[in-house]
Amino acid sequence: MQPSTTKTLTTDCCIVGAGPAGMMLGYLLARAGVRTLVLEKHADFLHDFRGNTLHPSTMQLMYRLGLLDSLLALPHQRTARLEMDAEGGAVPLADFSWLPVKCRFIAFINQWDFLNLLAAEAEKLPAFTLLRATHSDSLRTEQGQVTGICASNVEGRLEIKAELVVGCDGRHSLVRQQAGMLSQSFGMPNDVVWFQLNKRPEDPAVDTGHRGSAQNLIIIDRGDFWQCGLPVAKGEFSSLLAAGMPAFRQRLAQTAPFTPERLEELQDIEQLKLLDIRIDRLDHWAKPGVLCIGDAAHAMSPVGGVGINLAIQDAVATARLLTPALLNGNVTVHQLARVQHRRQFPTRATQFIQLKMSGKKRAPGEPSPLPRILRRFRFLPYLFGWMIGLGFRQEKPGRHVLRASSR
């Protein structure tokens, strides 16, 4: 039975959700001296993540923070370009090898390793606190303004008083629901079914990219296994499960670069994980005392693997813009709105491209016209490399954070 005691905590900023945006924001704020409390509902980071793609923009940030060597010491795989299968051979989709940054590649790193690294660095800072296995129950409000969080864990109830609450709790954010924030949702024709195949010596040499005759199988080289994603029509997953694994393997064999016998490794329905693709964004990211960033403010499609990196850039901008106000103990709605103003363009531009790339529904087996376009306009892989690798706006840590690194 849960204890009935209530403990009161006071902090400058309470962050709900210890994902990439939440942990990066917590680290940056605490590094600048802002008292920061991060709530994570899970006991650890070892739950099912699919977002393992760190782009050059994120690694450039880690370089500026002095954490790049620690990041690249984690187990990871690298790719300097993405490809698409096409008649006559694969064509480059995005080339990162020319970008003006320290790391000219995408790194595939388990998200729990990345978060553990950030948590370890943040917990060295006296201004930082991470509460694991702690559930955010409701927003605390006074006279129409959010003033903190009511939470709970095995030790009892927590009443957290904070100058600012930041929702970093993902696309199904409770913070934005409880704050009554309105959003726009953009329909997507597909979801993605993720699964893994163990690597074998006889497997074909496959670079990370879109594979198959219709370019509709995502394959990512994860070292000792292939991470694969098969797009399916929105709402089709239940009927796919009902048809059983033999039917799924037969469908997969039509597009995968593996033999049907090789796919016999897929035996259990539990090996398939559905990613419900959605694109949405809040009309207003902030209300008095509360702000949403990352997926809580704008859910992204997996196209380009940009979601994590966009969320991290949100966190950097948030820390830079709000640190002075948080240190002074006076955060206004106008100051919170500056975060959305700063991050609105990259969010809208990225979603526009994702919608354009996903908007037209092709017939089963119909090849994409993109390889033909890529062969005609040879500069496009470099343009896509910039857009995917660096995004539409790179954010740099504020002077409070960089000054802290020299102390």
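**Sheets, a helix pair and cavities in a predicted model**

In this predicted model, strands β3, β7 and β4 form an open sheet in that order, and the pairing is antiparallel. The strands at the edges are β3 (53–54) and β4 (76–79); each has a single partner strand, so one side of each is left without a neighbour in the sheet. Strand β7, residues 106–109, runs antiparallel to β4 and is joined to β4 by four bridges. Within this pair, Q77 stands opposite F108 of β7.

A further open sheet of three strands has the order β12-β18-β21, and the pairing here is antiparallel. Its edge strands, β12 (183–186) and β21 (298–299), each pair on one side only. Strand β18 covers residues 279–282 and is connected to β12 by four bridges, the two strands running antiparallel. The bridge partner of S185 in β18 is D280.

Parallel pairing is found for strand β1. This strand, residues 6–16, is joined by ten bridges to strand β11, residues 156–167, and the two run parallel. T8 stands opposite E159 in β11. Strand β1 also pairs in the parallel sense with strand β2, residues 36–39, over four bridges. In that pairing, V16 stands opposite L39 of β2.

The packing of two helices was examined next. Two packed helices are described by the angle between their axes and the distance between the axes. For helix α2 (residues 56–64) and helix α8 (residues 307–328), the angle is about 40 degrees and the axes are 9 Å apart. The crossing of α2 past α8 is left-handed. On the α2 side the contact is made by S57, T58 and L61, and on the α8 side by N309, I312, Q313 and V316. By class, the residues of this contact comprise three nonpolar and four polar residues, with no charged ones.

Empty space inside the model was also considered. Rolling a probe the size of a water molecule over the atoms shows where empty space is left. The structure holds two cavities of 30 Å³ or more. The largest cavity has a volume of about 50 Å³. Its lining consists of L28, V316, A319, R320, T323, P397, G398, R399, H400 and V401. Two or more residues of this lining come from each of α8 and α12 (399–405). Helix α8 gives the most, with four residues. The lining of the largest cavity divides into five nonpolar, three polar and two charged residues.

The second largest cavity has a volume of about 30 Å³ and is lined by S57, Q60, L61, R64, Q313, Q394 and E395. Helix α2 gives the most to this lining, with four residues. One nonpolar, four polar and two charged residues make up the lining of the second largest cavity.

Definitions and conventions: Residues numbered from 1 in each chain as written. Predicted model: local features only at pLDDT ≥ 70, side-chain atom pairs only at ≥ 80, totals over all residues. Heavy atoms only, no water. Axes fitted to C-alpha atoms, helices over the stretch in contact; angles between N-to-C directions. Left-handed = near helix turned anticlockwise from the far one by under 90°. Contact = heavy atoms within 4.5 Å. Nonpolar A, V, L, I, M, F, W, Y, C, P; charged D, E, K, R; others polar. Pairing = 2+ DSSP bridges. 1 Å grid on protein atoms, 1.4 Å probe; cavity = no way out; pocket = protein on both sides within 12 Å on 5 of 7 lines; lining within 4 Å. Points joined across faces, edges and corners; volume = space filled by probe spheres on them.
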